2 protein chains.
Amino acid sequence: MIDCRDRENTPVVGAGAPNMEDAVLDLDLMRELSVKTESKIVLLVLDGLGGLPMQPGGKTELEAANTPNLDSLAARSDLGLSRPVAAGVSPGSGPGHLGLFGYDPLRFQVGRGVLSALGVGFELGDNDLAARVNFATLDGSGKISDRRAGRIPSEKGEELVRMLNEKVDLEGVETFVRHEKEYRAVVVFRGEGLSGALADSDPQRTGLDPLPVKPVEDSPKAERSASLANAFIEQANEILADQHPANTVLARGFGMYPALPSFDEAYKLAAAAIAGYPMYKGLARLAGMELKKEGEGIAGEFETLKQSWDGHDFFFVHVKPTDAAGEDGDFERKARVIEEVDTLIPDLLDLRPDALAVTGDHATPARLKSHSWHGVPLLLHSPYTLPTAEVFGERACAGGSLGVFPAEEIMGLLMGHALKLNRFGA
Amino acid sequence: MIDCRDRENTPVVGAGAPNMEDAVLDLDLMRELSVKTESKIVLLVLDGLGGLPMQPGGKTELEAANTPNLDSLAARSDLGLSRPVAAGVSPGSGPGHLGLFGYDPLRFQVGRGVLSALGVGFELGDNDLAARVNFATLDGSGKISDRRAGRIPSEKGEELVRMLNEKVDLEGVETFVRHEKEYRAVVVFRGEGLSGALADSDPQRTGLDPLPVKPVEDSPKAERSASLANAFIEQANEILADQHPANTVLARGFGMYPALPSFDEAYKLAAAAIAGYPMYKGLARLAGMELKKEGEGIAGEFETLKQSWDGHDFFFVHVKPTDAAGEDGDFERKARVIEEVDTLIPDLLDLRPDALAVTGDHATPARLKSHSWHGVPLLLHSPYTLPTAEVFGERACAGGSLGVFPAEEIMGLLMGHALKLNRFGA
């Protein structure tokens with residue numbers, strides 16, 4: 001079973017910078033066809049919404065929840081089941097949201113370092129190179145004996161991060177270290193002429209020497225960045241020498257802050273994001289959305305939506321507790337969160353969005369206690385729909401008029417339903 | 001709302017010639033696997049077939065129509081909902097039909113000039129460069145004050161086109177101007193060594209100078225073609241000097257007549273086209289189909305099909321009035337056209353086609369009065385089907401054994417059902 005709280009062994013597909021040239025092509029059609037109009041779009045994301053029955057013959061979390069408002073809306077909406085990333089593949093929050101925003105997550109690969117920095121609320125800029133850092137243990141012969149430094153508590157991790165921030169001094173760049181949790185941290189190098197085309201120092205196994213960071217492309221930027229990363233690790237080793245078991249750092253997932261085409265560029269949308277957690281705020285900021293103060297709890301987010309209504313034509317609203325309940329394996333709590341959202345749907349409809357999607361970024365079935373590869377229910381409401389069911393649930397969505405389809409298509413559908421796309425060809 | 005009768009502001013994606021190298025790859029599999037056999041395929045296209053309910057809880061045009069023959073056929077057919085071009089995108093007739101013929105419409109981009117020429121029935125040849133032309137108004141200072149010349153009536157447009165045809169004289173090429181409607185016309189330059197890699201002269205806004213036509217690639221052909229286009233505009237300005245408000249022309253959508261792989265090359269099919277409107281005849285000719293005299297009305301088309309039966313193994317039959325009714329917002333009339341087609345289905349089945357598709361090139365819901373992005377119902381009949389419903393309608397198709405799928409796949413399905421494809425691999 002995949003344990004999403006321990007992703008140490010997940011390989012990163014594609015080292016270095018994402019292939020921006022290919023990726024931009026995906027959005028060319030939207031860029032060409034989209035027009036600025038008065039209509040407004042809401043993308044309401046219940047994180048990890050997709051679910052599974054706990055027993056054969058049972059209902060999913062969404063099917064079991066009492067959702068009179070969503071059911072009534074489903075009867076006036078298009079339904080479908082979206083597939084994030086690829087068949088059988090469980091997406092992280094980064095790829096899950098990039099797909100929802102219309103960026104193919106296999107092309108727009110955002111490095112783990114960047115996602116970690118976004119996750120702790122660090123405000124990355126265009127010249128920033130980020131990497132994920134683990135505190136780890138070197139034995140007397142310089143080999144790695146524990147890749148997680150005995151899973152040191154978060155207080156210890158914080159203390160070590162403070163030490164590194166005080167003492168690390170690299171020539172020509174600013175260095176920021178931020179604590180994530182326990183043995184996990186993130187390092188950001190800020191300066192001109194850096195590159196994310198670097199291989200990890202973490203060999204992914206114990207009993208081996210740490211690897212020197214090496215460039216994976218032949219460029220002066222990558223050479224310089226590799227030298228900086230190695231100098232950082234060397235200084236960290238000196239600073240942490242007496243901190244056994246956390247006497248070294250392993251670096252992985254190097255990446256520059258990626259310049260994604262913004263919602264304004266790609267869709268001509270003035271987008272607002274209402275999200276409570278740093279990771280989702282960071283992902284929204286990658287897409288050029290304006291962050292709104294989120295308010296207290298789910299009801300507070302909906303209140304913020306109402307207050308922001310006049311200034312924008314696209315709203316990304318992120319509800320986290322569905323995912324958290326799924327990860328805890330708490331089927332009932334996940335259903336209750338969905339029910340809480342359901343009670344707020346009438347307020348949302350009072351705003352009269354022209355196109356509204358209610359969906360998730362991936363499935364987090366309580367049955368699996370983790371993100372999963374299963375289809376994600378989508379309800380798409382506009383005046384131009386072909387309803388197929390009287391309820392909002394995975395099985396109703398599987399038979400819907402949108403079928404089973406890639407999650408990257410949701411933005412195109414929303415743009416079409418909001419009448420924001422010109423005709424393609426004569 | 002998108003108004004399909006005034007598409008002046010729709011940008012053409014990708015200037016110049018389509019990328020034929022990429023595009024041909026799409027058909028390579030068909031080319032490799034297809035075999036010439038005795039079996040016969042009919043592709044019956046009800047233009048704009050896909051629809052929507054007029055009110056929540058209502059039926060679509062196809063669902064509301066009384067279609068006993070199509071329903072009975074559906075119970076012996078595969079059903080599915082096809083998606084043309086891309087999610088949320090409303091296709092024009094060109095991309096809609098290219099997709100039905102198995103050519104990816106995002107790769108095989110046919111310029112607006114070529115489509116306009118096809119639309120007025122001009123017989124384009126391999127050396128022809130076509131552009132869409134608008135009569136427009138220049139003010140005293142040479143700036144564009146009206147991009148549509150006050151929407152001059154068609155009679156005036158025809159007169160101006162006659163003047164241009166008489167007087168324009170360009171060195172090294174023949175020039176043909178043809179009237180489309182009101183202020184719209186098309187110009188075709190015929191000669192060796194031309195290129196469609198040209199930018200528009202139409203700046204898309206009033207208050208600006210017209211743009212000189214510039215090459216968008218660095219080639220002698222494009223340079224020469226730009227000079228010819230600019231000379232044409234210069235001569236037109238002299239000829240039209242006294243014709244205010246129609247005292248200039250704006251040119252856009254330059255493109256060469258594209259050499260698509262023919263049905264014979266791609267599928268080994270001797271294809272016939274039965275269509276009443278120039279645009280669809282032109283699109284069929286692009287695919288190398290033989291045009292048949294269409295006969296009177298829909299019944300006449302079916303009679304032509306019968307008379308052409310022995311000489312071909314593929315038949316494209318195009319029924320236009322469904323789309324026209326949809327564009328007029330006339331739900332009842334669209335349903336009646338579908339009912340008329342239904343009465344002719346027994347005659348069609350008497351011909352014993354080995355594989356028969358009944359579908360549309362896109363949706364034209366009366367609800368929207370325009371082409372739309374919605375799914376298009378497909379009924380595919382052969383002896384080898386997996387029926388899932390007793391009726392032919394959008395919702396039955398959404399739950400069909402073909403699911404929701406890209407329209408470019410229809411030709412492959414027809415070829416398979418007609419047993420015209422070899423197995424792929426051992």
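## Basis

Residues are numbered from 1 along each chain as its sequence is written, chains are lettered from A, and ligands are numbered from 1 in the order in which they are written. In this predicted model, local features need pLDDT of at least 70, side-chain atom pairs count only at pLDDT 80 or more, and totals for chains, interfaces and linings use all residues.

## Chain B against chain A

Chain B puts 37 residues in contact with 27 residues of chain A. Contact means that the C-beta atoms of two residues, placed from the backbone, lie within 7 Å. Four elements of chain B each supply at least two residues to this side: helix 4 (93–100), helix 5 (112–119), helix 13 (394–398) and strand 13 (403–406). Helices (H or I, at least four residues) and strands (E, at least two) are DSSP runs, numbered from the N terminus. The side of chain B that touches chain A has 20 nonpolar, 12 polar and five charged residues. Here Ala, Val, Leu, Ile, Met, Phe, Trp, Tyr, Cys and Pro count as nonpolar, Asp, Glu, Lys and Arg as charged, and the others, Gly among them, as polar.

## Relation of the copies

Chain B superposes on chain A by a rotation of 125° with 0.1 Å of shift along its axis, at an RMSD of 0.2 Å. That is the relation of a three-fold axis. B:Gly399 is the residue of chain B that comes closest to the rotation axis, at 3.1 Å (C-alpha). Only 8% of the interface residues of chain B are also interface residues in chain A, so the copies meet through different surfaces.

## Helices 5 and 9 of chain B

The axes of helix 5 and helix 9 (residues 278–286) of chain B come within 7 Å and cross at roughly 115°. Axes are lines fitted to C-alpha atoms, for helices over the stretch in contact, and angles run from 0 to 180 degrees between N-to-C directions. Helix 5 of chain B brings B:Leu115, B:Leu118 and B:Gly119; helix 9 of chain B brings B:Pro278, B:Met279, B:Gly282 and B:Leu283. By class, this contact has five nonpolar, two polar and no charged residues.

## The sheet of chain B

Eight strands of chain B form an open sheet with mixed pairing, in the order 9-8-10-1-11-12-2-13. Strand 9 (290–291) and strand 13 of chain B stand at the edges with a single partner strand each, so one side of each is left without a neighbour in the sheet. Strands pair if DSSP finds at least two bridges between them.

Strand 1 (residues 41–46) and strand 11 (residues 355–359) of chain B pair in the parallel sense over five bridges. B:Leu44 stands opposite B:Val358 in strand 11 of chain B. Helix 14 (residues 410–417) of chain B packs on the sheet, touching strand 1, strand 2 (77–83), strand 11 and strand 12 (376–381) of chain B. The direction of helix 14 makes about 150° with that of strand 11 of chain B.

## B:Cys397

B:Cys397 lies in helix 13 of chain B. B:Cys397 counts as buried, with 29 C-beta neighbours inside 10 Å. The cut-offs, with C-beta atoms placed from the backbone, are 20 or more others within 10 Å for buried, 12 or fewer for exposed, and partly exposed in between. Not counting residues up to four places away in sequence, B:Cys397 touches B:Leu79, B:Gly80, B:Leu81, B:Pro377 and B:Leu378. B:Pro377 is 20 residues apart from B:Cys397 along the chain, and their C-alpha atoms are separated by 5.8 Å.

Terms used
Least-squares fit on C-alpha atoms with pLDDT ≥ 70 in both.
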